[in-house]
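Hi everyone, thanks for coming.

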Amino acid sequence: MAVFSGLRQISSNGAAEQVNGGQEALKKRAAEEEEMGFDPAAPPPFKIADIRAAIPPHCWVKDPWRSCSYVVRDIIVVLGLIAAAVYLDNWAFWPIYWIAQGTMFWALFVLGHDCGHGSFSDNQTLNNVVGHLLHSAILVPYHGWRISHRTHHQNHGHVENDESWVPLPENLYKKLGYSTKFLRYKIPFPMFAYPLYLWYRSPGKSGSHYDPNSGLFKPSERTMVMTSTTCWCVMLAFLFSASIVIGPLLLFKIYLVPYLIFVAWLDAVTYLHHHGHDRKLPWYRGKEWTYLRGGLTTVDRDYGIFNNIHHDIGTHVIHHLFPQIPHYHLVEATRESKRVLGEYYREPRKSGVIPFHLIPSLVESIQSDHYVSDSGDIVYYQTDDKIFSNKKAH
């Protein structure tokens, strides 16, 4: 609980100063980068093997006991927060509980995410058991998500083949109805898109993470997907039963509001790791795309007090290139790899206690990064200045 008490120590004036300072810093860094003439789309002078060689050998070692200790830590905090909220049952405490518990749900997701990558341990059975327990508890279909997330990593930075927050080609963008554009590009609605993504994926892509017969999955993966969907249904049944026992209002306060906070965390973080840099970054197609170039378009972020809470997920570049590295080695692996990456590594702006500096990056990107050209193997986001000028579909 002491970790979250810092939330109350940040004044509104301090938050405003951090946001304004963040905007000025972003513009200054963009201008400096342009003056240096660095082109982030230029093929890097190093290979992925060079980056791998710069990372110390121990960073690749997975310690299942250490990984499990983080699971135990997070579950203890989650249960402690529930006990405190039920005991106090005070409207002055509920907002603190919602923010804290929603953040912890997000932390549980990150650990389950590590299980999906196999960075949790070398034991696949342990990974799958822990992954199902953690993800089912927060209504995520473990295998369904794990498989599509693998596609995201294997195709990061590719316009057509990427899976997460992928840019829309102009032709597809112009076919979107007003309501779809509103939900996708009008704050705060994009921050609650994840449940819909699990059901329907993104515009231009079909399939469901819950359907074992979806085109997302190979025939050999259908049993795994069915298992995860069954676990998801069991959790849903548990929540329904709990609402009968404790009442729907208490369940709403204990679980559903934190769940929405968790979804907002997930959507904001995953978006910011691929968008919102002070200088627009390239997306690739065809012969210009490589695994390395696509991975170098990802962005590291500093989340202040939350870095440790959500298991250093902000060290995203090295995670994307080498998802098998355990989260507790990512900071060191990133530090060592910067000697090779050079200008291709974009140093994240240092955060205050609360990462208010990320708000302008998030808002400005969603308001301006709308689509990419239908042609070209290296493309950049473009802006539709008339996005909400009428309510008719293009």
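One term before we start: a polar contact here is a pair of N or O atoms within 3.5 Å, where one must be able to donate a hydrogen and the other to accept it. Keep in mind, too, that this is a predicted model.

Okay, so where does H5 start? Asn 123 caps its N-terminal end, with a side-chain oxygen sitting 2.9 Å from the backbone nitrogen of Thr 125. From there, H5 runs over residues 124-137. That's 14 residues, and the helix reaches 20 Å from its first C-alpha to its last, close to the 20 Å expected. Just past H5, Leu 139 takes a positive phi of about 60°.

Now, what's tucked away in H5? The buried residues include Asn 127, Asn 128, Gly 131, His 132 and His 135. Among the elements covering the buried residues are helices H3, H4, H6 and H10.

Let's zoom in on Ser 136, which lies in H5. Is Ser 136 buried or exposed? With a relative accessible area of 8%, Ser 136 counts as buried, because the cut-off is under 20%. Setting aside neighbours within four places in sequence, Ser 136 touches Gly 131, Cys 231, Trp 232 and Met 235.

Last stop: two of those covering helices, H6 and H10. Their axes come within 6 Å and cross at roughly 130°, which makes H6 oblique to H10. On the H6 side, the contact is made by Tyr 142, His 143, Gly 144, Arg 146 and Ile 147, and on the H10 side by Met 224, Val 225 and Ser 228. Those residues split into 4 nonpolar, 3 polar and 1 charged.

Methods. Residues numbered from 1 in each chain as written. Predicted model: local features only at pLDDT ≥ 70, side-chain atom pairs only at ≥ 80, totals over all residues. Heavy atoms only, no water. Helix = DSSP H or I, 4+ residues; strand = E, 2+ residues; numbered from the N terminus. Buried < 20%, exposed > 50% of the residue type's maximum accessible area, 1.4 Å probe, protein only. Contact = heavy atoms within 4.5 Å. Expected span 1.5 Å × (residues − 1). Axes fitted to C-alpha atoms, helices over the stretch in contact; angles between N-to-C directions. Parallel < 35°, antiparallel > 145°, perpendicular 65-115°, else oblique. Nonpolar A, V, L, I, M, F, W, Y, C, P; charged D, E, K, R; others polar.
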